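Subject: Structure handover

Hello,

Here is the structure I promised to pass on. Please open it alongside this note, and my findings follow below.

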Amino acid sequence: MNKPVDGGVKTFHGGCPHDCPDTCSMEYHVQDGKLLKVTGNKEHPMTRGGLCVKLKDYEKRHYHPDRLLYPMKRVGAKGSKQFERITWSEALDTISSKWKTIIAEDGPQAIMPNSYLGNQGLVHGLNGGDAFFNRMGATVTERTFCGEGSCTAWLLTVGPTAGVDPESFAHSKYIVIWACNSVSTNLHHWHIIHEAQKKGVKVVVVDSYASKTAKEADWHIAPKPGTDGALAMAMMHVIIAEGLQDQDYIDNYTHGYAELAERAKTRTPEWAEKITGVPADAIRQFAREYATTAPAAIRLGVALERNYGGSQAIRAVSCLPALIGAWRHVGGGALQFPVWEHPYKFDVICRPDLIPEGTQVVNNLQFGRALLGELNLKTPIKSVMVWNTNPLTQAPETDKIAKGLEREDLFTIVADHFMTDTAAYADIVLPAAMGAEMEDMVLSWGHLYLTYNEKCIEPPGEALPNQEIFRRLAKLMGYEEDNFKWSDAECLEHYVDWSAPTCEGIGLGYLRQHGFARLKDFGDKDVRARHAEGNFPTPTGKCHFMVEGAKNFVAGPFRQMYEGFQPGEDLDPLPDYLESRESPATNPELAAKYPLSIISPKSHAFLNSCYANMDGQQKAQGEQFVMMNAADANARQVKEGDTVKVFNDRGAFEGKAIITEDVNAGIVVASLGYWRQLNKGTVNSISLAEFGDMGHSASFSDNLVEVGLV
């Protein structure tokens with residue numbers, strides 16, 4: 001772009017790199033090699049020039065006084081944050097030498113990568129280091145913090161479709177936001193929904209507490225945590241029992257209706273009321289309105305998966321649009337992750353062909369268990385490299401992670417922007433470049449645009465982009481494959497299928513000129529009805545209410561594209577309600593000790609743990625809090641503003657009590673993202689590392705706790 005404006009300031013194309021469905025198109029404003037400010041790109045039809053509270057002063061993060069600028073080695077105890085500066089040569093020589101020794105003595109599987117979506121770039125993001133570690137033969141890491149159980153459920157039901165274009169919600173007449181706090185985590189889609197709402201469209205939010213989005217809805221339905229599957233099954237019961245289904249659509253474009261209808265017979269609203277706490281009459285009203293107001297659209301949130309049984313709930317919700325023929329219409333159907341229709345070449349990015357047969361797999365949700373030897377791995381972990389993630393706040397059972405990272409025999413490398421909780425335990429810390437300092441294309445899981453990010457300033461100090469770090473390590477490790485020699489620009493040429501129909505008329509040159517491009521994807525927002533006549537990307541071309549012989553799996557991009565050691569358990573052929581592991585109803589013995597269910601949503605002003613060290617975002621977010629209903633607070637003599645301790649057998653954290661009707665009795669809410677070093681524990685101190693029912697999903701909202709005064 002490099003567009004000059006007044007005063008010698010030039011603007012460049014940017015793409016927000018953070019783990020958010022919006023993937024905002026931005027503009028970097030640069031003068032004399034310094035990033036002055038970052039603004040939204042007003043020409044982008046989806047993000048429209050707006051930035052969220054997290055990104056509004058993005059340039060300040062680039063120049064934060066605490067930013068890591070040089071490689072460092074540990075000189076004090078692990079966790080003490082005592083480091084001294086070293087050169088890149090010493091850092092990389094130390095890493096490669098140590099790894100070669102570990103490989104010689106224990107084998108490459110003793111080395112484990114750990115990354116996630118702290119950066120969503122194709123080059124520098126989630127999968128950026130996969131080819132390197134796959135070539136090494138290191139332990140393969142499954143990364144299932146968020147949405148992976150949802151992906152398994154969605155793919156089983158409708159296949160890899162983008163579903164409803166998020167912009168097509170402008171044509172919807174009935175909108176359901178199910179377990180998504182759009183105002184805080186999907187802001188630009190909320191603008192589209194809110195505009196429809198102002199024109200008379202009814203917006204229903206299904207969420208277990210009164211989130212910012214729920215408060216903006218026309219109707220907030222609040223099922224107990226982990227009971228959404230029962231609500232969805234009861235909706236099916238009403239739709240079928242009252243003849244509200246679209247039988248023609250069902251007969252022509254779905255599979256397994258007779259079996260689904262038979263199961264739904266006993267899933268009555270009265271049955272669901274006892275489970276969900278939602279009155280039977282309200283369930284009937286919800287089902288009738290949804291089935292008779294066309295076009296109806298559902299926005300599925302990833303929070304729906306965060307209980308055991310959450311993925312089955314997503315299967316049930318994903319069946320609803322086909323049941324009523326919502327897919328026939330522009331603005332009808334469901335939206336999960338549009339990324340399924342993006343033309344990314346994950347096999348080229350990850351190089352799964354390099355993985356030795358029989359390589360073990362460790363899931364990052366069980367990172368602490370792996371480090372403490374609780375998984376009985378064939379090859380124990382002797383070294384880890386962490387980038388684009390901060391597991392000591394974001395992963396469950398964080399006390400175990402801290403204990404594991406304290407191991408003197410564990411060689412830990414962390415590449416990051418700041419001395420995070422995890423970086424404090426590293427043996428070698430590497431300074432990583434930020435968004436404006438590197439070229440990339442940012443993956444979007446919330447809309448149908450490719451988003452380009454232009455390098456416009458040099459990294460401060462000696463910081464390097466992630467991919468450059470892996471290029472240098474690959475050279476030292478002796479890896480000669482061509483992909484380890486590609487520049488960032490060459491990576492982008494290879495990582496996208498530019499010959500795909502969705503890229504007609506779009507190339508890297510086009511993106512460099514315009515900053516973004518809408519995929520050529522079966523019509524624009526005003527005409528797209530992708531599945532009006534079926535055409536689902538499933539084996540039958542139909543929506544699968546039933547999947548015979550279904551096996552559990554984790555989608556490839558979340559496990560380095562490795563197909564070995566997939567979970568493989570038999571799955572129920574049909575959707576249904578599955579109980580949570582930890583709730584007063586399902587685990588009364590545990591509830592006698594820890595009677596409260598906790599929900600841990602994303603924070604409004606933090607992006608996972610990013611920005612939790614920034615003054616402006618800390619002020620906007622407020623200190624760590626615990627939302628409680630007055631009945632629960634009074635029973636524990638807790639008053640507004642009191643410091644309380646939330647605890648169970650796994651750990652504890654402290655926060656300020658907020659007494660509110662936004663949460664029902666029996667539930668407490670505390671958001672994710674706060675740093676341990678700035679607070680007394682964080683919410684994931686109490687989180688369970690067991691998997692959900694599909695896709696090795698997380699159990700962040702399937703935990704019982706007690707609350708007491710400090």
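How many bridges join β13 to β14? Three, and the two strands run parallel. Strands here are DSSP runs of E with at least two residues, helices are runs of H or I with at least four, and both are numbered from the N terminus.

First, the ground rules. This is a predicted model, in which local features need pLDDT of at least 70 and side-chain atom pairs count only at pLDDT 80 or more, while totals for chains, interfaces and linings use all residues. Residues are numbered from 1 along each chain as its sequence is written, and side-chain values use heavy atoms, with hydrogens and water left out.

**The sheet**

Five strands make an open sheet with parallel pairing, in the order β11-β10-β9-β13-β14. Two strands pair if DSSP finds at least two bridges between them. At the edges sit β11 (219-221) and β14 (333-335), each pairing on one side only. Neighbouring strands are turned by 20° against each other on average, direction ignored. Ile-298 stands opposite Ala-334 in β14.

**Helices on the sheet**

Helix α8 (residues 228-241) lies across β9 (174-178), β10 (202-206) and β11, at about 155° to β9. Axes are lines fitted to C-alpha atoms, for helices over the stretch in contact, and angles run from 0 to 180 degrees between N-to-C directions. α12 also packs on the sheet and touches β9, β10, β11 and β13. Its direction makes about 125° with that of β9. Contact means heavy atoms within 4.5 Å.

**A helix pair**

α8 also packs with α13 (residues 310-324), at about 25° and with axes 8 Å apart. That makes α8 roughly parallel to α13 (angles under 35 degrees). Residues in the contact include Ala-232, Met-236 and Ile-239 of α8, and Ala-316, Leu-320 and Leu-323 of α13.

**Backbone points**

A cis peptide bond joins Ala-294 and Pro-295, with omega about -5°. Pro-295 is in the loop between α12 (280-292) and β13 (296-300).

Two residues other than glycine have positive phi: Asn-535, near 55°, and Phe-565, about 55°. Asn-535 lies in the loop between β21 (516-518) and β22 (543-544). Phe-565 is in the loop between β22 and α21 (588-593). Asn-535 is partly exposed at 48% relative accessibility, whereas Phe-565 is exposed at 55%. The cut-offs are under 20% relative accessible area for buried, over 50% for exposed, and in between for partly exposed (1.4 Å probe, protein chains only).

Best wishes

Definitions and conventions:
Parallel < 35°, antiparallel > 145°, perpendicular 65-115°, else oblique.
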